[in-house]
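Visitor: I have a chain open on my screen and I'd like a quick tour. Can we start with how the pieces cross?

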Amino acid sequence: MKKKLKKIPYDLVSYIMIETEAIRDANDKMMISSYCLKYLKEVEWYIDLLRVGSNKYIVPHSLSELESIRSQLKQCHAQIMRVKITNPQDRPIIDIKYPKGYEG
């Protein structure tokens, strides 16, 4: 009997992009990077299963869908790795955001 595999969440890429924008420290960066790579590996496996025509598994996506998701995940991971972590000690003690045009 064939085993039906889990669908890749349709909002996966959006979620990763939003979380990438919220990276504040190395821990955040590591967590979202690992999450992204986990799904990238899963997508690669699904693609391999479709290419060899597996008799054990039912892949719930088309090859073109998976290739698109893979491409987007690779872009997301590159973006995650580009995020620079600022050291909290390097930030000013008082960081006041003045309104545009303020000349105080």
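Visitor: Which way does H1 pass H2, in a left-handed or a right-handed crossing?

Guide: H1 passes H2 in a left-handed crossing. Keep in mind that this is a predicted model.

Visitor: Which residues make that contact?

Guide: From H1, the contact uses Leu-12, Tyr-15, Ile-16, Glu-19 and Thr-20. From H2, it uses Ile-32, Tyr-35, Cys-36 and Tyr-39.

Visitor: At what angle do the axes of H1 and H2 cross?

Guide: They cross at roughly 160 degrees, and the axes come within 10 Å. Angles over 145 degrees count as roughly antiparallel, so H1 is roughly antiparallel to H2.

Visitor: Let me step back. How many helices and strands does the chain have?

Guide: There are 3 helices and 2 strands. Along the sequence, the pattern reads β-α-α-β-α.

Visitor: And how much of the chain is buried?

Guide: Buried residues make up 29% of the 104 residues.

Visitor: What caps its N-terminal end?

Guide: Asp-25 does. One of its side-chain oxygens lies 3.1 Å from the backbone nitrogen of Asn-27.

Visitor: What about just after H2, what does Gly-53 do there?

Guide: Gly-53 takes a positive phi of about 70 degrees.

Visitor: Where does the chain go between H2 and S2, say at Asn-55?

Guide: Asn-55 sits in the loop between helix H2 (26–52) and strand S2 (57–58).

Visitor: Is Asn-55 buried or exposed?

Guide: Asn-55 is exposed, because its relative accessibility is 65% and the cut-off for exposed is over 50%. Here is another detail: Asn-55 and Met-1 are 54 residues apart in sequence, yet their C-alpha atoms are 8.6 Å apart in space.

Visitor: Which residues of H2 are buried, then?

Guide: Among them are Ile-32, Ser-33, Cys-36, Tyr-39, Leu-40, Val-43 and Ile-47.

Visitor: What do the buried residues of H2 pack against?

Guide: They pack against helix H1 (12–21), S2 and H3.

Visitor: How do H2 and H3 cross?

Guide: Their axes come within 9 Å and cross at roughly 155 degrees. That makes H2 roughly antiparallel to H3. H2 passes H3 in a left-handed crossing.

Visitor: And H1 with H3, at what angle?

Guide: Those axes cross at roughly 5 degrees and come within 10 Å. H1 and H3 are therefore roughly parallel to each other. On the H1 side, the contact is made by Leu-12, Val-13, Ile-16, Met-17 and Thr-20. On the H3 side, it is made by Gln-72, Leu-73, Cys-76, Gln-79 and Ile-80.

Visitor: Let's zoom in on H3. Is Arg-70 buried or exposed?

Guide: Arg-70 counts as buried, because its relative accessibility is 19% and buried means under 20%. Arg-70 is found in helix H3.

Visitor: What does Arg-70 touch?

Guide: Leaving out residues up to four places away in sequence, Arg-70 touches Leu-40, Val-43, Glu-44, Ile-47 and Arg-51.

Visitor: One more from H3. Which residues does His-77 touch?

Guide: His-77 touches Ser-33, Cys-36 and Leu-37, not counting residues up to four places away in sequence. His-77 lies in helix H3. His-77 is buried, with a relative accessible area of 17%.

Visitor: And how far is His-77 from Ile-32?

Guide: Their C-alpha atoms are separated by 8.7 Å, and the two are 45 residues apart along the chain.

Notes
Residues numbered from 1 in each chain as written. Predicted model: local features only at pLDDT ≥ 70, side-chain atom pairs only at ≥ 80, totals over all residues. Heavy atoms only, no water. Helix = DSSP H or I, 4+ residues; strand = E, 2+ residues; numbered from the N terminus. Buried < 20%, exposed > 50% of the residue type's maximum accessible area, 1.4 Å probe, protein only. Contact = heavy atoms within 4.5 Å. Polar contact = N/O pair within 3.5 Å; in protein donor to acceptor, adjacent residues only side chain to side chain. Axes fitted to C-alpha atoms, helices over the stretch in contact; angles between N-to-C directions. Parallel < 35°, antiparallel > 145°, perpendicular 65-115°, else oblique. Left-handed = near helix turned anticlockwise from the far one by under 90°.
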